[in-house]
Amino acid sequence: MSPHPTTGPRLQFHRDPGEFLATAGDHLAADPVVSTVVTTVAHRLSAQRADGIDPPERDWWLVVRDAAGTVVGAGMRAAPFAPYPPFLLPMPDEAAVALAAALHERGEVVLAVNGALPAAELCAAELARLGGGRVEVSQHTRLHELGELVPPAPVPGHLVVATEDDLELATEWFDAFMGDADEQAGRPRGASAHEVPDRAEMLRRIRGGRVWFWVDEAGRRVHLTAANPPSFGVARVGPVYTPPAQRGRGWASNAVAEVSRLIRAEGARACLFTDQANPTANKIYAALGYRPVVDMANLVILR
């Protein structure tokens with residue numbers, strides 16, 4: 001842990017995700033839906049660390065404290081894909097600006113910032129001011145939580161949990177998900193950097209029972225829905241992927257509804273992200289009973 005001195009909020013950078021969770025856990029657990037991305041990744045990387053897999057040297061975990069020492073914000077830089085954007089949770093405005101200054105002083109090259117608004121926006125703007133460049137929004141996202149589940153119109157087939165035999169197909173569809181999402185939102189395919197789990201991580205997810213397929217009456221896999229394990233009592237659904245030839249048949253609505261029921265059955269709350277530029281996905285999830293919680297954004301700094 002390395003405190004970064006400021007006259008206002010204090011920024012503490014941690015290298016160990018487990019140490020970060022121990023320090024900020026109460027704060028994160030107080031709003032577990034909003035903190036879902038950070039807590040999910042921190043728990044996953046803590047488990048990997050316990051298995052002897054050390055995180056890259058570039059990774060850090062941030063705890064923000066006010067003058068009284070109370071934790072008032074958090075963030076991370078643990079994305080496994082270029083340009084390795086930090087992900088910020090809500091924090092005081094001055095802390096977001098101070099973080100940009102700290103990263104600039106540390107010599108970190110930061111060309112993208114994701115997360116809650118306005119923290120991500122303020123941090124990115126200050127990074128651009130300090131290092132040159134301008135900020136653009138690459139994606140507006142919205143985090144939703146399931147209220148009362150509204151069953152969709154039933155369709156043929158049923159949900160099955162993925163097995164190790166599904167490894168190649170699951171990996172292929174995870175990879176296709178973001179490219180297709182870009183196209184559906186009117187962005188160039190590949191515009192959004194994203195993570196595709198490596199073989200070991202995909203096997204871990206499959207063995208953990210967190211990847212499902214919808215199979216049609218003929219037994220063909222026609223859709224994939226995955227979900228993260230619960231973190232502080234919240235499980236985040238995603239990705240949700242239907243191949244182009246199978247779209248418009250209700251597979252996604254039925255699969256997400258069933259996965260959401262399974263999450264509820266294990267005693268967890270269900271949440272998911274939507275791309276605000278994808279009206280189809282937003283309409284589907286709203287119809288199932290998912291309600292907006294907070295808007296976030298993926299920002300890029302163009303130099």
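A residue counts as exposed when its relative accessible area is over 50%. Arginine 207 therefore counts as exposed, at 56% relative accessibility. The model described here is predicted. This briefing covers a helix pair, the salt bridges and the cysteines.

**Packing of two helices**
- Helix α3 (residues 93-106) packs against helix α4 (residues 119-131) at an angle of about 40°, and their axes lie 8 Å apart.
- Sorted by class, the contact of α3 with α4 has 11 nonpolar, 2 polar and 2 charged residues.

**Salt bridges**
- Side chains of opposite charge can pair when their charged atoms come close.
- The structure holds 18 salt bridges.
- In one of them, arginine 269 meets glutamate 145 at 2.8 Å, N to O.
- Arginine 207 is paired with glutamate 164, and their closest N and O atoms are 2.8 Å apart. Arginine 207 lies in helix α6, whereas glutamate 164 lies in the loop between β8 and α5.
- Glutamate 164 is partly exposed, at 44% relative accessibility.
- Glutamate 168 and arginine 199 form a salt bridge at 3.5 Å, joining helix α5 to helix α6. Both residues are exposed.
- Shared partners join Arg44, Asp51, Glu201, Arg204 and Arg205 into one network of salt bridges.

**Cysteines**
- The count of disulfides is 0.
- Cysteine 123 is buried, at 1% relative accessibility.
- Cysteine 271 is also buried, at 0%.

Terms used: Residues numbered from 1 in each chain as written. Predicted model: local features only at pLDDT ≥ 70, side-chain atom pairs only at ≥ 80, totals over all residues. Heavy atoms only, no water. Axes fitted to C-alpha atoms, helices over the stretch in contact; angles between N-to-C directions. Helix = DSSP H or I, 4+ residues; strand = E, 2+ residues; numbered from the N terminus. Nonpolar A, V, L, I, M, F, W, Y, C, P; charged D, E, K, R; others polar. Disulfide = S-S within 2.5 Å. Buried < 20%, exposed > 50% of the residue type's maximum accessible area, 1.4 Å probe, protein only. Salt bridge = Lys/Arg side-chain N within 4 Å of Asp/Glu carboxyl O.
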